[in-house]
Amino acid sequence: MTKQRIFLSGATGAMGFPAMKALLEDKDEIELVILVRSSKENKKKLKPFLKEKSLTIVWGDLSNYDDIKTCVNNADIVLHLGGLVSPKADYHPELTMKLNYGSAMNIVKAIKELNQVDKTHLVYIGTVAQTGDRMPPVHWGRAGDPIKPAVYDYYAVSKTAAERYIIESELSFWVSLRQTGIIGPVMADIEDAIMFHQGLDNVLEYASDRDSAVMLRNLCRKERQGTLGKNFWGHIFNIGGGENCRISAYNLYKKLFGMIGIKNLSYVMDSKWSAMRNFHGQYYLDSDKLNDILNFRNDSMEYFYKAYLKKLGIIAVIARIFTKLPGGQKIMGGIIKKRFQKLTMTEHGTLRAIKENNEDQIAAFWGSKQAYDAIPPMDKFIPFSDWDKVVHIDHGYDESKPEAELNLKDIKGAAVFRGGECLTDNMKEGSWTEKLKFRCAFGHVFEASPRLILEGGHWCPVCENEGWNYYERAKVDPFFAQVWYPLHDKNEKERKYVKKF
């Protein structure tokens, strides 16, 4: 029996390491190849696996084409998880683009040069950050909603560019799985200014590292068994943990600090430390689709709460005792509050933007200094509560039609709804991969497939490369305006943010 050959990138990461271990549960049926940077930390992490006969470790780098080609050679499946992620990615935009976009290009190039277009199945892990800020009332989303990376979020920018490249790569087998926030021990360890880029009413439908690993293992199993079905490859799916993994930032803080005895959030944080917008996250209307195929959900938010308590260790025990004493909650909260306040004053900190009067950052995070000043104190903050209300995002074409009936009229109507036009006059009915010619509202002409535009939510690559022109775009693009104006006043001062590369 020929073993299934799998190339896994990012095997030492928050998602990749559990995935590697889950895949090796099937070691008698697979050959697993991983590409890992030769660092002291990675070597220590992989030491217990060095004698695993089903595992081949290639010490190298995602930015090195020859390293990637070695790993792609004869691969039946490529699980591309690797790259530079936030918060580290936010500090190194050029490197982030080089690794995240460059590695996707290298993988596609290797598949083509090795004549494996009809053999290798590429699984690309995208991100919820591609659709950016979806605060209430537009907190429910699905694949096909507008791509809208948050301003300054170079991780999302790089992943958006990489996904576009893969969708348009003309590979026979690809799928893009947009990962959400990953709960687990790695998330519990994060202490960075990014914590306060998330608004108190921001939401995420998380997925655990363990469930994500099971998802990839099941994907490979089903592909071996020939049971994935024809409607899997060539599509975009959202990864989400479902109802038991949905929570707002405010309620998450309440739960975490409540577990150590601090019931009053004002003891540990100030409401003015958190941005009001420009992050990412949503509850999914369509995440059940992927779970129905790969059957991976098991964990709830309780898994993260336990990981957080484990990280605190003896500190959690002491805190629970101390907070029962008179004044104990305030004293213990004050210790935490000082540590958090320091984070807000670091390079990407929210309070630092206020202190330095950085108008662009202030506009991105709050809208204006006046809006920032108007934020009520934490003990008077009223969190959003109408979580079940769905504001439908129109994709600009008849989605009830079978895919095989998609026609040029649908495409032309969708282009107009995006403020542009389709310049192509002939199209094969039902073709989702055919490259068509478009013009955006700003006169840029580009080619794109219906899959990229309608199912992916992508639009003009020229606008995307130049910067964040969201204020201008919302005025002329009804599709995009649906996720912009609910969160931005039409009278706001218009800004265009230019990208660093």
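At roughly what angle do the axes of helix α3 and α5 cross? Select α3 (residues 65-72) and α5 (residues 93-113) to see the answer. Their axes come within 9 Å and cross at roughly 50°.

This is a predicted model, in which local features need pLDDT of at least 70, side-chain atom pairs count only at pLDDT 80 or more, and totals for chains, interfaces and linings use all residues. Residues are numbered from 1 along each chain as its sequence is written, and side-chain values use heavy atoms, with hydrogens and water left out.

**Stop 1: α3 against α5**

Helices (H or I, at least four residues) and strands (E, at least two) are DSSP runs, numbered from the N terminus. Axes are lines fitted to C-alpha atoms, for helices over the stretch in contact, and angles run from 0 to 180 degrees between N-to-C directions. α3 and α5 are therefore oblique to each other. Angles under 35 degrees count as roughly parallel, over 145 as roughly antiparallel, 65 to 115 as roughly perpendicular and the rest as oblique.

The crossing of α3 and α5 is right-handed: the near helix is turned clockwise from the far one by less than a right angle. Now show side chains. In α3, pick Tyr-65, Ile-68, Lys-69 and Val-72. They meet α5 residues including Ser-103, Asn-106, Ile-107 and Ala-110. Contact means heavy atoms within 4.5 Å. This contact of α3 with α5 divides into six nonpolar, two polar and three charged residues. Here Ala, Val, Leu, Ile, Met, Phe, Trp, Tyr, Cys and Pro count as nonpolar, Asp, Glu, Lys and Arg as charged, and the others, Gly among them, as polar.

**Stop 2: α5 against α6**

On α5, the contact residues include Pro-93, Met-97, Tyr-101 and Val-108. On α6, look for Tyr-154, Ser-158, Ala-162 and Ile-166, among others. By class, twelve residues of this contact are nonpolar, three polar and one charged.

**Stop 3: the largest cavity**

Switch to cavities. The structure holds three of 30 Å³ or more. On a 1 Å grid over the protein atoms alone, a cavity is a set of points where a 1.4 Å probe fits but cannot get out, and a pocket is an open set with protein on both sides within 12 Å along at least five of seven lines; lining residues have an atom within 4 Å of a point. Grid points are joined across faces, edges and corners, and a volume is the space filled by probe spheres set on the points.

The largest cavity has a volume of about 230 Å³. Of its 21 lining residues, Cys-460, Cys-463, Glu-464, Tyr-470 and Arg-473 are the closest to its centre. α20 (470-476) gives the most to this lining, with three residues.

**Stop 4: the second largest cavity**

This one has a volume of about 120 Å³. Select Val-151, Asn-278, Ala-364, Trp-484 and His-488, the closest to its centre of the 14 lining residues. α15 (359-365) and α20 each give two or more residues to the lining.

**Stop 5: the second largest pocket**

About 490 Å³ of space lies in the second largest pocket. Closest to its centre, of 24 lining residues, are Lys-289, Tyr-397, Glu-399, Glu-403 and Glu-455. The lining divides into nine nonpolar, five polar and ten charged residues.
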